[in-house]
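Student: I am new to this structure and would like to go through it by question and answer. Can we begin with the ligand?

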Amino acid sequence: MHVDESDGDNNDNDSFDLDAAYAVETPDDNRQLYKNWAATYDTGFVDKNKYSYPKRIAEICAASVSATSVLRVIDIGCGTGVVGVRLSELLPHAVIDGADISAEMLRIASGKFRSDSHPVYGELSEVDLTLPITFAQSRYDILVSAGTFTHGHLGPDPLIAVVSTLKPDGQAFVGINKQHFVGNGFERALQGAVAAQLITEPTYIEIQMYDEGSAHYGDVAIVAKFRKA
Ligand SMILES: C[S@@+](CC[C@H](N)C(=O)[O-])C[C@H]1O[C@@H](n2cnc3c(N)ncnc32)[C@H](O)[C@@H]1O
């Protein structure tokens, strides 16, 4: 995730602490950052900055799959559940699970409900996705992710590792910060996974991470769409 200081009010209680954001390097840094940020993430970051990246990932996914099927979905780095909320509106029959390192972000996600009063998420797993994947293998039809594959968060190795949670032929819709797509090795890792016949050749779509009117409008993510081979 890239956030700049252009709105100039980052030290109030509703804002993301940019010094902490830039200092994030390790899983423990992420745990601490999102522990502090969880309670205000939805209002103080998503709403305030018109952060539309999670909704766009959900919409790209929903446009590519059957809305009437009972699909099992994993949301990687689900955070407070912004992807899941939108996806549950568009794919009401989907069973959506989430995985994230932050217990506090997951607690917020667990309090999100669908219009029929059922929880948005089924299973929520508190896991460090830099470690070997143990919470699921070959279980999901769909993998979605927004805001998590970026500098200081999850890198290219976890991106390829999480593919193991998909069933064969399962589909992935993974957002990757464009600024770090080549330099941090995401593009190379995806090419390697194609060569190793782990995934199909990805198609890439560029999306805005923030809506027009946000101070951060212009920050772009690449959405990699592919299938587990
Ligand atoms: C910018 S937030 C995105 C949250 C949500 N997907 C959204 O779009 O609003 C990045 C998320 O990645 C999670 N994360 C960072 N490092 C992680 C790790 N090593 N394992 C699992 N999740 C991690 C954070 O806890 C945080 O919830």
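**Around the ligand**

Tutor: This is a predicted model. The shell around the ligand holds 23 residues, and those that come nearest are P54, G77, G79, I101 and G147.

Student: Which elements give two or more residues to the shell around the ligand?

Tutor: The shell around the ligand divides by class into 13 nonpolar, eight polar and two charged residues. The elements that give it two or more residues are helix 2 (27-47), helix 3, helix 4 and strand 4.

Student: At what angle do helix 3 and helix 4 pack?

Tutor: Helix 3 covers residues 53-64 and helix 4 covers residues 82-90. Helix 3 passes helix 4 in a right-handed crossing. Their axes are 8 Å apart, and the angle is about 35°.

Student: How many residues of the contact of helix 3 with helix 4 are charged?

Tutor: Helix 3 makes the contact through P54, K55, I57, A58, E59, C61 and A62, and helix 4 through V82, V83, R86, L87 and L90. Nine of these residues are nonpolar and none is polar. The charged residues number three.

Student: Which element gives the largest share of the largest nonpolar core?

Tutor: The largest nonpolar core has 55 residues, and the members that touch the most others are I57, V73, L87, L143, V144 and V174. Six residues of this core, its largest share, come from strand 4 (residues 140-149).

Student: Which residues does I57 touch, leaving out those up to four places away in sequence?

Tutor: I57 is among the core members that touch the most others, and I57 also takes part in the contact of helix 3 with helix 4. Beyond four places in sequence, I57 touches V83, V144, A146, F173, G175 and V223.

Student: Is V85 buried or exposed?

Tutor: V85 is in helix 4. Leaving out residues up to four places away in sequence, V85 touches K112 and V120. V85 and R114 are 29 residues apart in sequence, with C-alpha atoms 7.3 Å apart. Because 20 other C-beta atoms lie within 10 Å, V85 is buried.

Student: How far apart are the C-alpha atoms of S138 and F45?

Tutor: S138 and F45 are 93 residues apart along the chain. Their C-alpha atoms are separated by 34 Å.

Notes: Residues are numbered from 1 along each chain as its sequence is written. This is a predicted model: local features need pLDDT of at least 70, side-chain atom pairs count only at pLDDT 80 or more; totals for chains, interfaces and linings use all residues. A nonpolar core is a set of buried Ala, Val, Leu, Ile, Met, Phe, Trp, Tyr and Cys residues joined through C-beta atoms within 7 Å. A residue is buried if 20 or more other C-beta atoms lie within 10 Å of its own, exposed if 12 or fewer, and partly exposed in between; C-beta atoms are placed from the backbone. Helices (H or I, at least four residues) and strands (E, at least two) are DSSP runs, numbered from the N terminus. Two residues are in contact if their C-beta atoms, placed from the backbone, lie within 7 Å. Axes are lines fitted to C-alpha atoms, for helices over the stretch in contact, and angles run from 0 to 180 degrees between N-to-C directions. A crossing is left-handed if the near helix is turned anticlockwise from the far one by less than a right angle, and right-handed if clockwise. Ala, Val, Leu, Ile, Met, Phe, Trp, Tyr, Cys and Pro count as nonpolar, Asp, Glu, Lys and Arg as charged, and the others, Gly among them, as polar. A residue is near a molecule or strand if its C-beta atom, placed from the backbone, lies within 6 Å of it.
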